[in-house]
Amino acid sequence: MDESCPLLDVQAGHRQKLCGSNYPLSIAFIVVNEFCERFSYYGMRAVLTLYFLSFFHWDENLSTAVYHAFSALCYFTPVIGAIMADSWLGKYKTIIYLSIVYVVGHLIKSVGAIPSLGNQAVHVILSMVGLFLIALGTGGIKPCVSAFGGDQFEEEHTSERNKFFSIFYLSINAGSLISTFVTPVLRGDVKCFGEDCYALAFGVPAALMVLALVVFIAGSGLYRKTPPQGNVLLEVCKCIGFAIKNRLKNRSPQIPKRDHWLDWASEKYSKQLIGEVKMVTRVLFLFIPLPMFWALFDQQGSRWTLQATKMNADFGIYVLQPDQMQFLNPLLILVFIPIFDLGLYPLINMCKFNFTPIRKMATGMILAGMAFGLAAVVEVKINENDMPRLVPEESLIRVLNLAKNPVRVTIQDQDLFQQPVEAFQNPVEYSKLILNGEEQSLRFTLQHQGLSLDFNYTVKEKSVYSLIVFEADGSLSSRLITDLEAKPENGLAAVRFINGLSEDVNLTIDNKQFIAVQKNYSASEYSLLERDRYNNGKCITEMGEFTLELGLLDFGASYTIVITNVSGGAVKTWKSEDIKSNNVHMAWQLPQYLLISAGEVMFSITGLAFSYSQSPASMKSVLQAGWLLTVAVGNTLVLVVAQAAPMAQWAEFVLFTVLLFAVCIIFSIMGYFYVSVDPEDLEEKEEKRETSSRGNMISLVTKKTKL
């Protein structure tokens, strides 16, 4: 080792430093630990909604509710971690013990995602236990790690400590950015157990959390470990509780009133603590409207991801996974912070506009509301391509004419299909059947080359059908088959086959899907496939093995493929698109991500800086707890709306937009009447007021004695 580089300063009273600087060597371990932990958390959370939807087969509302319940728990548990660290174990041991809980939760979650392990109930139980432990771990260490990093610096190294927090914040966003891009790839592009590999998508974050714990323990001998010094949050809660209790006890009009309701705690608590609590409660009062912003912001991982599953994700050179769009937020945050700090804010100041922190936060709310307004517009455009909504005593039907000549179709008591259906004519859309009950037997009349044939079929309400018309043994025949009622989920393509040959066939698609279809226009069940071009399929008949080319099976589409004949060593097919593919491109989500990310910079970073500037140094941890609780409450609001008031998705987006705009107005009014203060000046005034009061009391006593 180069002796000129003071990496290991072993002089008394000094700690090991990074080469040529005042940075403790221990912070390198803390920064790497934070990067790995954030990769672990955000990577796991990125695929969570689709895991509920496709692995558990829960509906969108339940998947959204459980996702936000987990997110809320992650922001309630920091209070537990802070109390453990400050009142019992200290920051170092709290981080170690809760990180172990964190790792165990990840491992249980990963095991629960193995399809062959038990039934649905086992998977759900393992996943919920794993998520609870993860929430306890990630939330519990959240208030400890950054503070523990700050403890490593000497008091005189303030600038180094501030730069450390910048690097620390960068490591959080770097971990989030990389993981939200990588883990969806592990889920969707890697296949295991014959389906999306959720076990791997959860296993890699688990491995990163193990690495985070190992790295943190490796630096154990370098850390400065401060002992527990009591939890100020508990003191504040006790002070407030005692003030309220004492005020309720002394409601008699004969008892003199006090200047402030917190002054009723003066019998037990010091004037200094009461004064500091007064400062904190002023800021916490401003926090009341803030959860609504987080209610919108955290839906990027739930509702916006579900929206992306119904869109076209082909960007030409790369096909994005729907849950990969979340990586835009940390990427845009890293881009917007220097643009806002070095460009936008100075420009606004040059225009002589007083862009106060309250106004910045209100602007952030407006931007988030606008983002959800755009999301609602995108959702409406997506819905235009959906199947018609099925209602009682109605069904949908179309005709596939696989005969050689046009056929006129007449249905009993229905006024449909005015024109003859041409041979192999692609149906434009489904027609509506009006029934007289839950089901009805209808007579279908087929007119073909001067002949008229009748067929009777029972039709059920709220169902979708295709009438297959074909020639068999020299005469016209038909089958009524059931179609899909809605688009395939998660951007998959659905395909089924009709075998027009006079012999049974076995079909292989992409060397994985094996489908047997009986002869004489029998239809297979639908198979779900990833969006791709399938030109290397195999069709095995009694005559031999032939190539099967299906072409592009696109996002969210449903296809019927008719095997017509075998010619020239290949199977000839005709493809009909039953349900149209997703025609709204995923790029249309970019504006809403731009707006909500800009809103986060103006709301979150400004809000934290403002609240810290308005509180005394000893109370900053209380405000951090209050800030995290606003995130928890915001996620709880989404949970309530998703379960208690289910509605069309576009309407829900509009509801959240209106609610945030309303809350923004309330917050702006509260901010208008809020007077910013310097905590140090307020403390000095409080001391002067107390001194003056004591002087007046002495003067009064003296005068009384003279009398």
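**Exercises: the interface of domain 1 and domain 2**

About 3,000 Å² is buried between domain 1 and domain 2, with carbon and sulfur atoms giving 64% of that area; buried area is the accessible area (1.4 Å probe) that two parts lose on being put together, summed over both. The model is predicted: local features need pLDDT of at least 70, side-chain atom pairs count only at pLDDT 80 or more, and totals for chains, interfaces and linings use all residues. Residues are numbered from 1 along each chain as its sequence is written, and side-chain values use heavy atoms, leaving out hydrogens and water.

**Exercise 1.** Locate the two domains and state how many residues of each are in contact.

*Solution.* Step 1: the domain assignment (automatic or from a database) places domain 1 at 23–230 and domain 2 at 270–385 + 584–687. Step 2: their centres, taken over C-alpha atoms, lie 23 Å apart. Step 3: 34 residues of domain 1 contact 34 residues of domain 2, where contact means heavy atoms within 4.5 Å.

**Exercise 2.** Find the salt bridge between domain 1 and domain 2.

*Solution.* Step 1: apply the rule, a side-chain nitrogen of Lys or Arg within 4 Å of a carboxyl oxygen of Asp or Glu. Step 2: the count between the two domains is one. Step 3: R187 pairs with D323, their closest N and O atoms being 2.8 Å apart.

**Exercise 3.** Describe the side of domain 1 that touches domain 2, by helix and by class.

*Solution.* Step 1: α1, α2, α3, α4, α6 and α7 each supply at least two residues. Step 2: α3 gives the largest share, 12 residues. Helices are DSSP runs (H or I, at least four residues), numbered from the N terminus. Step 3: the classes are 20 nonpolar, nine polar and five charged residues; Ala, Val, Leu, Ile, Met, Phe, Trp, Tyr, Cys and Pro count as nonpolar, Asp, Glu, Lys and Arg as charged, and the others, Gly among them, as polar.
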